[in-house]
Amino acid sequence: MAVSRVLFAHASEAELARLFDFYRVDWQYEPRSFPIAWNEQGRPIEFFTPDFYLPEYDIYIEVTVAKPARNSRKNRKLRLLRSHHPRVNVKLFTRRDVERVFYRLKRAS
Amino acid sequence: MIGDPLFDSESIAGRVAAIAAAISHDYSGKRPLMIGLLTAAATFLADLSRAVTIPCDVDFMSVTSYGDREGIVLEQEASVPLEGRHVILVDDTVDTGLTLQYVVKRLLERAPASLAVCTLLDRPHRRIADIEIRYRAFEVPDVFVVGYGLDYLGRYRELPALYAHGTWPA
């Protein structure tokens with residue numbers, strides 16, 4: 001997927017997409033929503049949509065730009081996702097993770 | 001003033017000796033080729049190559065840094081033939097594993113007899129590419145590390161120990 005064709009919710013997501021492009025890693029942006037809560041009738045009432053899916057690695061990446069203290073809502077969703085979909089491999093990247101990955105890459109030369 | 005090291009020079013020397021002993025045992029009767037990824041792995045490789053007790057060869061390679069339009073490519077290839085060689089790729093830090101995986105793929109194209117990965121630092125919590133690391137000196141938490149070849153804006157490579165970001169002045 002081309003970075004220029006996607007409307008990202010946050011600049012950190014676009015930056016991470018460019019990183020995947022740099023490595024020529026195929027990525028998909030928000031390709032799938034997973035139900036994480038159901039009502040009494042068994043209908044899903046809450047979903048979690050990870051930001052990226054990397055088919056080559058069969059891994060979902062969720063990017064959060066909130067400060068760690070404000071990540072409780074996202075962490076709850078991640079816990080529910082892992083609980084209800086244990087075979088789904090999802091990894092949380094914080095803004096600090098993204099920044100540090102990029103710093104390492106830029107200093108590699 | 002720099003604070004206490006994350007790993008002091010004695011700890012590093014101890015881990016280098018242990019890895020060198022493992023390599024010397026695992027490659028007994030062979031002549032491995034250790035290839036370091038420039039620039040940060042140079043210090044680690046220099047110490048490691050002098051600590052092994054078997055004959056070995058040393059070479060370096062490098063990849064383009066992020067920001068190049070064409071994406072990652074090898075900037076400097078290993079300068080010797082790899083076909084049939086037992087290659088040990090020596091990196092400074094394995095993080096997402098994406099750089100390492102790219103380099104491993106390129107090396108495997110040159111048909112080495114075997115290929116193992118050795119890293120000074122392993123930071124597994126951001127791993128994306130599942131790379132097998134045979135030798136690792138230290139697993140580190142989510143801290144930025146300088147010293148012993150690793151830099152911050154080109155500085156601190158010369159320090160004999162490894163320091164976490166924040167233990168030295170801004």
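D95(B) is buried, with a relative accessibility of 4%. In this predicted model, D95(B) is joined by a salt bridge to R126(B), and the closest N and O atoms of the two residues are 2.9 Å apart. D95(B) sits in the loop between β4 and α3 (98–108) of chain B and R126(B) in the loop between β5 (114–122) and β6 (135–139), so the pair ties together parts of the chain that are 31 residues apart in sequence. R126(B) is likewise buried, because its relative accessible area is 1%, under the 20% limit for that class.

**Salt bridges**

Over all chains, the structure holds 14 salt bridges. Four of them are listed here with their closest N and O atoms.

| Salt bridge | Closest N–O distance |
|---|---|
| E56(A) – K105(B) | 3.1 Å |
| E15(A) – R18(A) | 3.1 Å |
| R126(B) – D95(B) | 2.9 Å |
| D151(B) – R157(B) | 3.4 Å |

The pair of E15(A) and R18(A) lies within one element: both residues belong to helix α1 of chain A, three residues apart, which is about one turn of the helix. E15(A) counts as partly exposed at 23% relative accessibility, and R18(A) is partly exposed as well, with a relative accessible area of 37%.

**The surroundings of R85(B)**

R85(B) is located in the loop between β3 (74–76) and β4 (86–94) of chain B. Not counting residues up to four places away in sequence, R85(B) touches R31(B), P32(B), L33(B), D57(B), P112(B), A113(B) and S114(B). D47(B) is 38 residues from R85(B) along the chain, and the C-alpha atoms of these two residues are separated by 21 Å.

**S24(B) in helix α1**

S24(B) lies in helix α1 of chain B. Is S24(B) buried or exposed? S24(B) is buried, because its relative accessibility is 8% and the class takes values under 20%. A polar atom of the S24(B) side chain lies 2.7 Å from the backbone oxygen of A20(B). The backbone nitrogen of T53(B), in turn, lies 2.9 Å from a polar atom of the S24(B) side chain. With residues up to four places away in sequence left out, S24(B) touches V52(B), T53(B) and I54(B).

**P5(B) before helix α1**

P5(B) is found in the segment before α1 (9–26) of chain B and counts as partly exposed, with a relative accessibility of 32%. Leaving aside neighbours within four places in sequence, P5(B) is in contact with A161(B), L162(B) and Y163(B). P5(B) and V146(B) are 141 residues apart in sequence, and their C-alpha atoms are 9.7 Å apart in space.

**The interface between chains A and B**

The contact takes 27 residues from chain A and 37 residues from chain B. About 2,600 Å² is buried between the two chains, and carbon and sulfur atoms give 54% of that area. Between chain A and chain B the count is one salt bridge, which E56(A) forms with K105(B). The count of residue pairs in polar contact across the interface is seven, both residues being at pLDDT 80 or more. On the side of chain A that touches chain B, the elements giving two or more residues are α1 (11–22), β5 (59–64), β6 (90–94) and α3 (95–107) of chain A. Of these, α3(A) supplies the largest share, 10 residues. By class, this side of chain A has 15 nonpolar, one polar and 11 charged residues.

**Confidence**

The model scores ipTM 0.79 and pTM 0.86. Chain B has an average pLDDT of 90, and 93% of the residues score at least 70.

Conventions. Residues are numbered from 1 along each chain as its sequence is written. Chains are lettered from A and ligands numbered from 1 in the order in which they are written. Side-chain values use heavy atoms; hydrogens and water are left out. Contact means heavy atoms within 4.5 Å. Buried area is the accessible area (1.4 Å probe) that two parts lose on being put together, summed over both. A salt bridge is a side-chain nitrogen of Lys or Arg within 4 Å of a carboxyl oxygen of Asp or Glu. A polar contact is a pair of N or O atoms within 3.5 Å; within protein, one must be able to donate a hydrogen and the other to accept it, and residues adjacent in sequence count only if both atoms are side-chain atoms. Helices (H or I, at least four residues) and strands (E, at least two) are DSSP runs, numbered from the N terminus. Ala, Val, Leu, Ile, Met, Phe, Trp, Tyr, Cys and Pro count as nonpolar, Asp, Glu, Lys and Arg as charged, and the others, Gly among them, as polar. Buried means under 20% relative accessible area, exposed over 50%, partly exposed in between (1.4 Å probe, protein chains only). pLDDT is the predictor's confidence in each residue, from 0 to 100.
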